[in-house]
Amino acid sequence: MTILDKVTALLGEGAVLEPSPDRVPRIAPGSPDAVALLLGTAHQEGWRVRIEGAGTWLPSDAPADLALTTRRLDRIPAIEPSDLTATAEAGIGLDQLRQQLADHGAWLAIDPPGLAGRTLGSVVATGSAGPLRHGFGPIKDHLLGVTFVTGDGRMVQSGGRVMKNVAGYDLTRLQAGGFGAFGVIVLVHLRLRTLPRADVTYLLEGAREDLTQVGEDIAAAGLTPAALELVSPALARRDRWVLGVRLAGSPALVAADEAGLGAASGGGRFTPLRAEEAHAFWMRLAEGFAIRPVTFRIAGVPTASDELLDLLQHQLGDEWISASPAAGAIRWTGDATIDRLQRLRRTLAGLEVPLTLERAPWPVRGAVGHFGAYREGVGPLVAGLRRTFDPGGAIVVATEGS
Amino acid sequence: MDGLPTHRRIPDLVVLPGTREELVAVVRLLAALGVPFVPRGAGTGLSGGALADEGSTLVVLTRLNRILRIDKDNRYAVVEPGVVNAKLGAAARPHGLQYAPDPSSQSACTIGGNVAENAGGPHCLKYGVTANHILALEVLLADGSLVDIGSPGGEPWGPDLVGLFVGSEGNFGIATRITVRLTPLPRAVRTLLADFSALKTAGEAVSAIIAAGIVPAALEMMDQSCIRAVEDSVYAAGYPRDAAAVLLVEIDGRNTDAVVAETDVVVELLHKSGARSVRSAASEAERERLWQGRKKAFGAMGRLSRDLVVQDAVVPRSALPHVLETISTIASHYGLVVSNVFHAGDGNLHPNISFDATDPELKRRVEAASAEIMQTCIAAGGTITGEHGVGIDKLRYMPLIFDAESLGAMHAVRLVFDPDERVNPGKVVPVHACREWTHARGYRVGSPGAAPRGEAA
């Protein structure tokens with residue numbers, strides 16, 4: 001009896017999709033319980049399972065006996081606009097989720113890299129925040145709780161559906177950015193905001209150093225942008241670097257910030273975008289990171305941003321870069337060899353700056369790892385957590401690299 | 001005892017190390033001897049989380065009270081665990097910065113304790129709780145080894161162990177160096193006091209403000225019993241004694257025009273929601289007076305009776321009116337005085353029960369009423385603690401919100417950090433509820449101290 005036969009007997013034919021390009025059977029459980037059943041069986045049988053969402057972010061190329069896709073977990077069990085909370089299954093596409101929230105006047109203030117249909121579970125598992133991180137924090141700050149299935153098929157809840165919660169250990173934060181090493185996220189409880197009543201975007205083009213200074217002036221002037229993003233010419237498809245400023249919130253707040261923007265422009269002139277232009281600008285930025293083969297993020301202290309941008313350009317070339325200087329967060333995408341990535345990571349480690357590999361073909365991420373080598377004493381803790389949540393090592397994930 | 005009067009314990013030994021090196025030496029000695037220990041800050045917690053039993057050593061961290069660094073340009077500070085919350089705020093202020101989490105006990109509580117409990121406070125509505133402000137930690141594990149987790153840039157450097165550690169109530173070790181995020185001080189602040197003739201309309205005003213897309217820095221509610229306790233005390237703030245409830249609303253920001261405009265909107269919403277009057281603090285002195293009444297409310301309620309149980313639960317905001325009504329019914333049923341002062345914007349309730357703990361019958365009624373209040377909050381879709389922690393006081397409620405698998409997972413995580421369960425044993429996770437998980441994994445469950453402790457002494 002093949003693996004496919006056993007899975008079909010377990011979950012029914014409806015759960016079996018067309019195989020991946022590498023001929024690995026692709027299974028789409030239709031419920032969290034089915035995910036638990038499948039992983040429990042995989043643990044017992046010794047199968048190695050790779051986790052996929054919509055297949056728009058990580059390439060479907062990790063060596064495995066079967067691929068578990070969350071794409072049929074696409075329900076939104078609850079949207080509570082008066083409480084500004086929602087509960088969604090992990091396989092829902094962000095575009096669908098955004099639309100349904102907007103219909104209720106609610107907003108999930110994240111804009112992660114990737115295509116519009118990237119799944120919620122993928123975003124949470126990789127902890128991939130976008131430019132809105134500047135105003136609204138990292139992905140983990142938008143989570144009230146998660147339900148996940150361990151590598152041996154146990155269903156675990158963490159957190160809840162309320163704004164504050166310190167009951168028990170915070171396994172939600174362990175899952176956010178864990179790259180699936182500690183289980184498969186099946187359900188997410190989200191913290192929402194009201195849909196901004198005013199939402200405008202301004203662009204300023206110029207030399208990188210000048211735009212960095214403008215960004216600092218904006219902060220010094222007391223403006224509170226939702227996003228303040230420095231974008232390389234190649235990524236912005238412009239001749240020069242671009243500073244994108246997004247103001248979103250109450251009309252009073254946005255009007256006050258708009259009034260202050262001109263004074264902080266350093267003699268340059270911000271160009272306001274029409275709503276559809278603004279949407280296209282931020283979408284292009286997000287989608288740009290899902291096109292090139294390798295994408296990673298680094299985060300240093302804000303005053304190191306310039307030095308880090310120089311370092312990236314020097315070591316990897318002036319590829320597609322987006323940076324939130326005030327948050328110290330930089331994302332790079334392009335083509336890079338294993339050697340170059342490992343050398344860059346070593347250099348950055350000397351500066352106390354972690355590099356998180358977000359996306360790459362399996363040979364690269366298998367060798368480099370999402371996180372690379374841990375600092376002294378951290379490795380045994382992570383290994384212990386991994387054994388706790390996936391005792392048989394059923395889930396294929398490249399955390400440390402080879 | 002900590003801030004909760006219903007639990008008392010006597011440790012075998014109390015140690016107060018004066019340096020990080022002394023602390024490491026103490027923990028290594030305890031590891032070599034196999035002695036359980038309980039880290040403790042200022043002891044202001046409200047869940048019995050920092051109590052050490054016979055057979056345990058209490059390791060008090062208040063002498064490790066140095067602010068090691070403030071980096072103004074990169075907006076972070078590095079502190080020892082015994083630094084008092086308000087002192088860090090005062091040290092950051094000359095740099096135009098603040099440490100935002102502000103528990104009511106901030107004049108005494110320590111940053112180490114805040115990290116252990118994931119402390120909140122009134123201004124967490126806008127600025128987030130402790131977990132949102134911790135960038136990196138140096139952690140001393142139970143075996144005496146030191147581990148660095150997180151980074152000042154905020155990227156966790158691997159899985160988010162900082163996020164996992166914050167709120168672990170001391171079960172994973174001691175944070176010996178804490179890197180906290182500092183945020184710019186607001187340039188404009190407006191503080192409003194709105195009074196209502198019914199709790200229900202005050203609750204509706206909260207919903208109206210949030211629905212308008214405005215995030216106040218704080219949105220606090222006090223009921224009549226609490227108002228009168230404050231007004232009868234040295235902390236009298238000028239709250240209207242005949243009000244059924246007052247809302248304390250603070251709007252702040254970096255842009256004065258925006259703050260003024262948003263304040264106008266909030267004032268209008270308060271009136272539309274049925275506020276009898278809305279008063280704006282005309283000076284910094286008046287603002288401080290309004291806040292002192294709120295922050296010292298627990299102290300003021302101490303005048304009502306010999307003992308006070310400060311409960312802590314969270315419900316969806318929309319459930320506030322119903323839950324408050326039910327709490328009132330529960331109080332009447334048990335013949336108790338329950339005063340409410342709480343973070344309304346977060347739905348984080350603090351029903352306070354005044355009583356005399358020397359009266360066993362009264363104490364029994366308080367415990368029964370507390371349990372019913374918790375069950376009411378859970379039934380409304382809420383949780384058993386928003387900022388005070390589980391400690392020993394709420395162990396019994398954990399199986400009401402987490403199933404055995406989930407409790408088992410938490411216990412197994414604790415064993416990764418502390419395989420012998422020597423740090424703060426018997427807290428947070430009721431081990432008896434998750435034995436199946438740990439046995440299935442072959443983990444060793446239970447040094448004698450690992451079993452859940454009995455009820456209140």
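**View 1. A charge over a ring in chain A.** A charge counts as sitting over a ring if NZ of Lys or CZ of Arg is within 6 Å of the ring centre and within 35 degrees of the ring normal. Keep that in mind here: in this predicted model, Arg208(A) has its charged end over the ring of Trp241(A), 5.8 Å from the ring's centre.

**View 2. Phe371(A) and Tyr374(A) as a ring pair.** Across all chains, the structure holds 11 aromatic pairs. Take Phe371(A) and Tyr374(A): their ring centres are 6.3 Å apart and their planes are at 40°, so this pair is tilted. Both Phe371(A) and Tyr374(A) are buried.

**View 3. An aromatic cluster with members from chains A and B.** Chain A brings Tyr169(A) to this one. Chain B brings Phe165(B), Phe172(B) and Phe417(B), and together they form one aromatic cluster.

**View 4. Strand E4 of chain A and its partners.** In a regular strand, side chains alternate between the two faces of the sheet. Look along E4(A), residues 66-69: Leu66(A) and Leu68(A) point one way, Ala67(A) and Thr69(A) the other, and all are buried. Strand E3(A), residues 49-52, pairs with E4(A) in the parallel sense over 4 bridges, and Val49(A) has Leu66(A) as its bridge partner. Strand E2(A), residues 26-27, also pairs with E4(A) in the parallel sense, over 2 bridges. There, Ile27(A) stands opposite Leu68(A).

Conventions. Residues are numbered from 1 along each chain as its sequence is written. Chains are lettered from A and ligands numbered from 1 in the order in which they are written. This is a predicted model: local features need pLDDT of at least 70, side-chain atom pairs count only at pLDDT 80 or more; totals for chains, interfaces and linings use all residues. Side-chain values use heavy atoms; hydrogens and water are left out. Rings of Phe, Tyr and Trp (its six-membered ring) pair if their centres lie within 6.5 Å; planes under 30 degrees apart count as stacked, over 60 as edge-to-face and the rest as tilted. Buried means under 20% relative accessible area, exposed over 50%, partly exposed in between (1.4 Å probe, protein chains only). Two strands pair if DSSP finds at least two bridges between them.
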